[in-house]
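Biologist: I have a sequence and a model on screen. Can you walk me through it, one question at a time?

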Amino acid sequence: MANVTMTVNGKAVTANVDPRTLLVQFLREHLRLTGTHVGCDTSQCGACVVHLDGKAVKSCTTLALACEGASVTTIEGLASGGALHPMQEAFREHHGLQCGFCTPGMIMSAVDMVNRRGHALDEKTIREDLDGNICRCTGYHNIVKAVAAGAEAMGKGTAPVRQAAE
């Protein structure tokens with residue numbers, strides 16, 4: 001067993017773990033943060049994406065011990081004071097999910113995309129950057145719309161404006 005200390009969603013955590021423990025296992029099993037999903041165990045589907053020191057990583061292929069001293073943000077850490085993060089709100093508003101299994105990873109990847117590329121994202125860029133995230137339910141049309149709206153809202157520092165029902 002080995003000791004690991006990191007900051008997860010703004011809180012310092014320390015645990016004694018098997019050196020083979022993956023970050024996704026640490027988050028789900030040790031910290032009970034189950035928003036990060038395991039979809040493939042091969043780093044292909046993106047359901048396990050979290051932010052490690054501000055950058056998107058696939059936690060199913062990252063060892064927990066490699067995160068010693070690091071800062072990890074999960075989907076549970078995006079919302080603030082009971083208000084959804086603008087990207088979360090955009091996914092809700094634009095129906096960027098169906099079963100919801102891939103949604104946490106999609107949102108974490110989308111936030112990283114905005115942080116790297118800025119707030120004005122075109123469809124081609126969004127589709128290319130989401131290449132490492134798989135949704136088995138949708139055709140990605142609403143996911144792309146949600147990412148674009150979320151990116152714009154992140155630029156304004158607000159959640160997307162809700163549209164009135166027609």
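**His-85 and its surroundings**

Modeller: The backbone nitrogen of Met-87 sits 2.9 Å from a polar atom of the His-85 side chain. That is a polar contact (N or O atoms within 3.5 Å; within protein, one must be able to donate a hydrogen and the other to accept it, and residues adjacent in sequence count only if both atoms are side-chain atoms). This is a predicted model: local features need pLDDT of at least 70, side-chain atom pairs count only at pLDDT 80 or more, and totals for chains, interfaces and linings use all residues. Residues are numbered from 1 along each chain as its sequence is written, and side-chain values use heavy atoms, with hydrogens and water left out.

Biologist: Is His-85 buried or exposed?

Modeller: His-85 lies in the loop between β5 (71-73) and α2. Helices (H or I, at least four residues) and strands (E, at least two) are DSSP runs, numbered from the N terminus. The cut-offs are under 20% relative accessible area for buried, over 50% for exposed, and in between for partly exposed (1.4 Å probe, protein chains only). His-85 has 14% relative accessibility, so His-85 counts as buried.

Biologist: Which residues does His-85 touch, not counting residues up to four places away in sequence?

Modeller: Contact means heavy atoms within 4.5 Å. With those sequence neighbours left out, His-85 touches Leu-78, Ala-79, Val-111 and Met-154.

**Cores**

Biologist: Which residues touch the most other members of the largest nonpolar core?

Modeller: A nonpolar core is a set of buried Ala, Val, Leu, Ile, Met, Phe, Trp, Tyr and Cys residues joined through side-chain atoms within 4.5 Å. The largest has 23 residues, and those touching the most other members are Met-87, Phe-91 and Val-147.

Biologist: Which helix gives the largest share of this core?

Modeller: At least two residues of this core come from each of α2 (86-93), α3 (103-117) and α5 (141-156). The largest share is seven residues, and the helix is α3.

Biologist: What does Val-147 touch, not counting residues up to four places away in sequence?

Modeller: Val-147 is one of the residues with the most partners in the largest core. Beyond its sequence neighbours, Val-147 touches Met-87, Phe-91, Ala-110, Met-113, Leu-121, Ile-126 and Leu-130.

Biologist: How many disulfides does the structure hold?

Modeller: A disulfide is a covalent bond between the sulfur atoms of two cysteines. The cut-off here is a pair of cysteine sulfur atoms within 2.5 Å. The sulfur of Cys-45 is 3.7 Å from its closest cysteine sulfur, in Cys-40, so the pair is too far apart for a bond. The number of disulfides is zero.

Biologist: Which cysteine has the sulfur nearest to that of Cys-102?

Modeller: Cys-102 is buried, with a relative accessible area of 12%. Cys-102 is in no disulfide; at 3.7 Å, the nearest cysteine sulfur is that of Cys-135.

**Positive phi**

Biologist: What is the phi of Asn-9?

Modeller: Asn-9 is in the loop between β1 (2-8) and β2 (11-17). Asn-9 is partly exposed, at 26% relative accessible area. Its phi is positive, in a residue other than glycine, and is near 55 degrees.

Biologist: What about the phi of Arg-32?

Modeller: Arg-32 is in the loop between α1 (23-30) and β3 (49-52). Arg-32 is exposed, with a relative accessible area of 61%. Its phi is also a positive value in a residue other than glycine, near 60 degrees.

**Salt bridges**

Biologist: How many salt bridges are there?

Modeller: Side chains of opposite charge can pair when their charged atoms come close. A salt bridge here is a side-chain nitrogen of Lys or Arg within 4 Å of a carboxyl oxygen of Asp or Glu. By this rule, the count is nine.

Biologist: How far apart are N and O in the salt bridge of Glu-89 and Arg-92?

Modeller: Both residues lie in helix α2, three residues apart, about one turn of the helix. Glu-89 is buried at 10% relative accessibility, while Arg-92 is partly exposed at 34%. The N to O distance is 2.4 Å.

Biologist: Which residues do shared partners join into one network?

Modeller: Here salt bridges share partners. The network holds Asp-112, Arg-116, Arg-117 and Asp-129.
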